[in-house]
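This briefing covers a sheet, a loop residue and the nonpolar cores of one structure. Please read it alongside the sequence and the coordinates shown here.

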Amino acid sequence: MAKYLLVALIGFALVFGGAPNGSGWPTLLVCTVAAVLLPVSLAAGAADRFAILPAIVRIVAIAIVLLPLLQLVPLPPAIWQALGGRELALEVFSLLGTTNEWRGLSLVPRDTLLGALMLLPPASAFLASLTLDRDGRREIVWALVIFAGITLLVGLIQFGSNGNTLDFYDTSHRGSFLGFFANRNHQGLLMAIAASLAIAAVKDRLRSPHLAMAISALLAIVFLIAAIGTLSRAGIGLSLFSIAATYYVCFSLGRIRWPILIGATVVAGAVLYFFTLSSTVQNALDRFSNIQENARFDIWEKTSPLIEQYFPWGAGLGSFPSVYPVIERLEDVNPLYYNRVHNEYLELLIEFGLPGLIVLLLFVLLIARIAIAGLRGKSDISAFGLPAAVIILLVGLHSTVDYPLRTQTHAVIFALACGFLISSHATGASSASTSISPGRWGDRSVRITAVSLTGQAIAILGFVLFVAYQHGSNALINRSGGDLVSVDEEALPPAQLAALSRALARQPYNQELLNRIYVNQVRNGIDDARRQALVATLGKLGWRHTNTQQNLLVEAVRRDDVESAIDHLDALLRRDRLTEQIIPALMQIEAVPEGTGLVAERLDRDPAWRKDYFLFGGPLANPELLNARLRLFDYMATQNMQVNPVEMRTALFALWNAGRKEEIATIARSQLSEEVQSRLIFDPNFDQWLGVSAEERGAPAPQDWRLTNQPGVSTQIISEDWNSRLVLRWNGRGAPILARTMTFLIEGEKPELKVTVSAGHQLKSLEALRFTLICRGEREVLFARKLANIAEGPGFDRQSAYYVPEREFLCDYPELFIGGKPQLADRGISLSIDSLNLTFE
């Protein structure tokens, strides 16, 4: 009975336990199966088996279960207040008026209680594994291999459908080879584990070592290919290590078979060479070349201060998502969120401190001693003992860059591997002196024991439901949008406000809950000192909650604290929240005299929203805001703060729409070197396009060349190493505008236009073009072509044509248009213009 329930637990954990631990119904299902398995395992002899394990094993196993529970034991106020890192929590409890209550070590007792519940499935799996004999272990291993094969097939369907079919989690890895996981790295680890189990299972099943090696190699290659398909660097590396290590312990332990090693190397090399022809494999290999870009190093650096802050007792199991926002710097805020450290050992130090480190070291020493004894032949370990040690090592290695044990799938598999290794070692060591036959379900005593343990199962299920209720209790609180202090709504009723306070007592770092309490107290009416205390504490809880940042912004404006207001606007923009509302608000601060410098300094830090800020043009229709933007440009120039031309374009077009061309000319000329600032066209030689990206070319400023591309018309500037040129292709139909730019001409001036083409034979093609000056609201002024006779003057050459306006233009800074003349026949043109220069006659 215990064996079949164990298989069910494995299946439920694989299907429903692929995401990090949470309080949703998938986790509840896994825990329910575990709650049924636990008393049945005890009735089947798990308790007796556990009792004969070495004392160190029992101590470590009990310590793992007790650690999170001990963090929930209430302590006197004088003790928990003296613990490191509790100052902010004490502030919150002071606001709630509960500083004198007894509290546990954990800063997040609700999440720690949930974490303790998450130990139920692996604990049940571990105890159930102790009841298995050799045949039972073999069946469980094959069940794991089969389940992994099903996961592989699901991953193939996901990969083939680009995430449109059987994708169970809406994550950034959608469309990857995920199986039942939310993270491709966890799927990669499962493939590595499955490869190890497949090799061990085949070796145990077949008597012929050569046949076993051949079949196990085939299965191992299948799982290796699946690991490559995940594009997980850790999964690929662990799969290769898993195959090599398991082959060694299964086939070459105690003797090195050089033909086997050479053959395996040749086969592995051939497989890798063949599959490198695949784009998927190439993408996976490319990710290894970018390992220096791995964000994990950044995460570790940013989160490591938490270890010292909460040492030696830790912040409590499950506390990292709550305590990290408190130390997160504003410049590190972005739309993504670090839900984990991506290093289980660092996170263990943050959450458990020194006690967790001691238990970890004891566990490592215990497993290492058993595995080394088996490798040296000093311990009689069964067929699955050393492969189980390989699996433990795989999970341990993966835990340096991820959090596999935070998923029920890998937690259950890891517990089974520990059970296989420890029970194999214990059985071999105690077989001569102690023999305990596992109970059978048909035995009357076993059935009686199981019935007597039914009460335990009911109690455990009640515990599961209670934790699920506690974790989801916030959903019972009405979230009708009343958590903005600027919204005129009625305050919550006292009962609901009391529920908020109780929830905050279980999660003192929950900024959202404290924000709702603050809003409701403000609506009910509080004195200024109380309000300031609430605002100060809210600000210390981080930058992550949108409505809190909005409320703190209101408070900053209320006390005329411009710098704090910019901080909260900055936080919202970094998280890409309410961008269309926040940027205009920041532009209002920019218009305030003391705000210009503060906004400029913030922009000079190059936040992620800088580009969006400069390109947001709607509010610049307001002359006051447009003038503020020009002052911002001037301030940044005087402070040697860089503003690139692309960032100025929105403001330049706002000036253009306002008819303020002189200011455009001033800004444009400031971007040129002194020796060419007197020219009458900003870019006569098209060299301003050199080194400019396609995105920047798609958003030209008024002084830039604006090109036309439509059916029948192709206009582009080609940049080469030595120069740039304007390439025009037109099918001859209609009279389209091909290109245009603003000039720096002043009314009354008499310019001459010189058009230089790339080759002399293209001069004739210029007859199909017209060059005009256009003033808004006035008739266009056409340029007339001069005779191209060398004898007429020394300025003429064989590749240039000269034009003069037919009459005076009636505005400053007219636009120069290049257009097509109507043709009698559809005669297309294609020519390259090297330059267009305006000079004075």
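The model contains an open sheet of ten strands in the order β1-β4-β9-β6-β7-β8-β5-β10-β3-β2, with antiparallel pairing. In that sheet β1 (706–707) and β2 (713–719) stand at the edges with a single partner strand each, so one side of each is left without a neighbour in the sheet. The model is predicted, and local features need pLDDT of at least 70 while side-chain atom pairs count only at pLDDT 80 or more, whereas totals for chains, interfaces and linings use all residues. Residues are numbered from 1 along each chain as its sequence is written, and side-chain values use heavy atoms, with hydrogens and water left out.

**Strand pairing**

- Helices (H or I, at least four residues) and strands (E, at least two) are DSSP runs numbered from the N terminus, and two strands pair if DSSP finds at least two bridges between them.
- The antiparallel pairing of β2 and β3 extends over seven bridges, and within it Ile717 has Leu726 in β3 as its bridge partner.
- On β3 there are also five bridges to strand β10 (residues 829–840), again in the antiparallel sense, with Val727 opposite Ser832 in β10.
- Because five of the seven residues of strand β3 (residues 724–730) are buried, this strand is largely enclosed by the rest of the structure; buried means under 20% relative accessible area, exposed over 50% and partly exposed in between, with a 1.4 Å probe and protein chains only.
- Strands β7 (residues 781–785) and β8 (residues 800–805) run antiparallel and are joined by three bridges, and Arg785 stands opposite Tyr803 in β8.

**Asp402**

- Asp402 lies in the loop between α18 (385–398) and α19 (408–430), and it counts as buried because its relative accessibility is 0%.
- Apart from neighbours within four places in sequence, Asp402 is in contact (heavy atoms within 4.5 Å) with residues including Asn183, His186, Arg296 and His342.

**Nonpolar cores**

- A nonpolar core is a set of buried Ala, Val, Leu, Ile, Met, Phe, Trp, Tyr and Cys residues joined through side-chain atoms within 4.5 Å.
- The largest such core has 93 residues, and among those with the most contacts inside it are Leu6, Ile10, Phe126 and Leu416; helix α9 (residues 184–205) gives the largest share of this core, 13 residues.
- Leaving aside neighbours within four places in sequence, Ile10 is in contact with Ile140, Leu144, Phe147, Val412 and Leu416.
- A second, separate core of 43 residues includes Leu586, Val643, Ala668 and Ala701.
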